[in-house]
Amino acid sequence: MNSLFGVFALIALSFALTNVFAQNKAEIDKPAPDFELTDVNGVKHKLSDFRGKYVVLEWINFNCPFVKKHYDSKNMQKLQDKYTQQGVIWLAICSSAPGKEGHLPKDEIKKRSENYKTKFTAYLIDESGDVGRLYSAKTTPHMYIIDPQGTLIYAGAIDSIRSTDKADIEKAENYVSKALGEALAGKPVSTKVTQPYGCSVKY
Amino acid sequence: MPKGISLVDTVWQVPEIIQTDEIISYGYHHKHYIFYKFTVPDNLENQIFEITGVVKWLACKEKCLPGKDTVKIQLISSNRSEINRSFSDIFGNIPVRLDNPLRGEIKDNMLEVKLSGSLNLSEKARIIPYLEGIIDNSAAQSMQGSSLVARLDAFHVEIPKEFKALIVDNEKAYDVVIFL
């Protein structure tokens, strides 16, 4: 009896810790797997609560040179600002495990977000990496777009030039902007999948 | 690049499999040489010419640090070739090109590559398509009979009917063409 209770307690604990229930991994043109994560201010955000709106998921690691490229140049903030002003929910997600590169103290996250004048809706902390794995997030940045019906309509890179050079941003085709522009105009997304580039997610 | 000289190909050495936590990637560590093949027109024989290149790299451990530099090299064109002995080991570390293409099949989100009889691979063999986004590089791969099986990337790109790949097995590698 004791061992049965032990197993039950373990299962219950596992559910409590992850907040990611048994779901299929994210796939393009399929319902985006639901999750609940807490942001840097302690507020919980559940993906399904944003049904009816476009949602952008941006995997982030402020220490990654590829992420810095897009924040130092203000490219990411401009995108965040442009689309959140149109009602898009923009969730930055950090899946770095404690002790790994990019896992920052909350005060540091707030400081950097303030210095960068970020415009994301929330910075979510995914220490267990469960949400990252659910979405097969490989790099920072790695971008996803979910439509108002909850379908994943884009997964991949932020843009077409795989470099850390800020000068490349202007020359690159921004896939996120293109996909959001098409979707918001009621058109089908023409490029649904691209290969992400950046630093590996530090699970 | 001086007029008349053109870059034909970049020759990569057998990459190392680099595993960081759950993510597997491929690359090199410490000092590394990359070879370039050039064609030189006949009228440039026995001449000294200079090639300038901009090199960009990304060196990763805990952090990834980008680097960029300009390199210049002076070369003498000649009608005879001789391999510098200090590079002979490195030339031995270049993938072997297989003349006959291999047949591949996509089944249940898996890529199955049927190996030819002459290619005996160990259980450690891994396939790396040159076109990124075909397979999930971090997923386990396995030898099943005479086939090498790899999981497709969760967000795989459109897979061409013919693509080039590298099959790495311990310290050897084979440059292959796969037909679906």
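In this predicted model, A:P141 sits in the loop between β6 (139-140) and β7 of chain A, where helices (H or I, at least four residues) and strands (E, at least two) are DSSP runs numbered from the N terminus. The peptide bond that joins A:T140 to A:P141 is cis, with omega about -5°. Because the model is predicted, local features need pLDDT of at least 70 and side-chain atom pairs count only at pLDDT 80 or more, while totals for chains, interfaces and linings use all residues. Residues are numbered from 1 along each chain as its sequence is written, and chains are lettered from A and ligands numbered from 1 in the order in which they are written.

**The sheet of chain A**
- Chain A holds an open sheet of 7 strands with mixed pairing, in the order β2-β1-β5-β4-β3-β7-β8; two strands pair if DSSP finds at least two bridges between them.
- β2 (44-46) and β8 (152-156) of chain A are the edge strands, each with a single partner, so one side of each has no neighbour in the sheet.
- Strand β7 (residues 143-146) of chain A runs antiparallel to β8(A), and 4 bridges join them.
- Within β8(A), A:A155 is the residue opposite A:Y144.
- Helix α7 (residues 175-184) of chain A lies across β3 (55-59), β7 and β8 of chain A, at about 5° to β7(A). Axes here are lines fitted to C-alpha atoms, for helices over the stretch in contact, and angles run from 0 to 180 degrees between N-to-C directions.

**Where the chains meet**
- The contact takes 19 residues from chain A and 15 residues from chain B, counting two residues as in contact if their C-beta atoms, placed from the backbone, lie within 7 Å.
- On the side of chain B that touches chain A, β3 (23-27) and β6 (64-76) of chain B are the elements that give two or more residues.
- β6(B) gives the most to that side, with 3 residues.

**Chain B overall**
- Chain B has 14 strands and 1 helix.
- Its C-alpha trace spans about 55 × 40 × 30 Å along the principal axes.

**Backbone points to check by eye**
- Most residues other than glycine have a negative phi, and most peptide bonds are trans.
- A:K74 has a positive phi, near 70°, and is placed in the loop between α2 (65-72) and α3 (75-84) of chain A.
- B:D108 also has a positive phi, about 50°, and lies in the loop between β8 (102-107) and β9 (110-114) of chain B.
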